[in-house]
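Let's take a quick tour of a protein and the open spaces on it. Have a look at the model first, then come back for the briefing.

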Amino acid sequence: MIEKDKFQNEIFFPIGEPNPYGDYFVGQSYLAPLTTEQVPTYNVTFEPGCRNNWHIHHADKGGGQMLICVGGRGYYQEWGKEPVEMTPGTIINIPAEVKHWHGAAKDSWFSHLALEIPAVNGNTQWCEPVGDEEYSKLK
């Protein structure tokens with residue numbers, strides 16, 4: 001399995017520091033703020049097997065999130081739908097009010113840019129973790 005420093009050499013953006021939202025993740029993730037102006041953008045990196053909890057980006061108007069995979073292999077899943085594999089170049093548009101999760105494959109580091117779509121009264125509701133049984137079914 002590739003180590004953090006070697007994965008950093010595979011992606012253009014910095015991996016960053018341990019994620020301050022780590023309480024909402026299974027496993028270790030890292031967060032690197034790239035810009036907080038206009039459209040706040042962050043590089044989020046997941047160690048193999050790491051994933052965030054189910055969550056919803058609420059907004060009275062606008063809002064949601066865009067994910068752009070920049071390294072490794074991971075997954076995105078909306079509540080009630082099949083998981084979508086993410087590899088470099090995959091773009092996922094997540095409207096406000098959609099319950100979802102995203103994270104690394106079991107055997108791969110994973111980095112994506114997370115763009116916060118401007119919102120009126122935007123906030124994130126963190127929900128339950130993605131269960132091990134559910135996650136273990138992914139390739």
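Strands here are DSSP runs of at least two E residues, and they are numbered from the N terminus. Keep in mind that this is a predicted model. With that labelling, the protein has two helices and 15 strands. Its radius of gyration is 14 Å, close to the 14 Å that the globule rule gives for 139 residues, so the protein is as compact as a globular protein of that length.

**The overall build**
- Buried residues make up 45% of the 139.
- Among contacts with a separation of 6 or more, 70% link residues 24 or more positions apart.
- The accessible surface is about 7500 Å², and carbon and sulfur atoms hold 51% of that.

**The largest pocket**
- This pocket holds about 530 Å³ of space.
- It has 25 lining residues, and the closest to its centre are His 57, Gln 65, Glu 116, Thr 124 and Trp 126.
- Which strand gives the largest share? That's E13, with four residues.
- Sorted by class, the lining has eleven nonpolar, 13 polar and one charged residues.

**The second largest pocket**
- Here the volume is about 160 Å³.
- Its lining consists of Tyr 75, Gln 77, Glu 82, Pro 83, Glu 134, Lys 137, Leu 138 and Lys 139.
- Those residues split into three nonpolar, one polar and four charged.

Definitions and conventions
Residues are numbered from 1 along each chain as its sequence is written. This is a predicted model: local features need pLDDT of at least 70, side-chain atom pairs count only at pLDDT 80 or more; totals for chains, interfaces and linings use all residues. Side-chain values use heavy atoms; hydrogens and water are left out. On a 1 Å grid over the protein atoms alone, a cavity is a set of points where a 1.4 Å probe fits but cannot get out, and a pocket is an open set with protein on both sides within 12 Å along at least five of seven lines; lining residues have an atom within 4 Å of a point. Grid points are joined across faces, edges and corners, and a volume is the space filled by probe spheres set on the points. Ala, Val, Leu, Ile, Met, Phe, Trp, Tyr, Cys and Pro count as nonpolar, Asp, Glu, Lys and Arg as charged, and the others, Gly among them, as polar. The radius of gyration is taken over C-alpha atoms; the globule rule is 2.2 Å times the number of residues to the power 0.38. Buried means under 20% relative accessible area, exposed over 50%, partly exposed in between (1.4 Å probe, protein chains only). Contact means heavy atoms within 4.5 Å. Accessible areas come from the Shrake-Rupley method with a 1.4 Å probe; for residues, only the protein chains shown count as cover.
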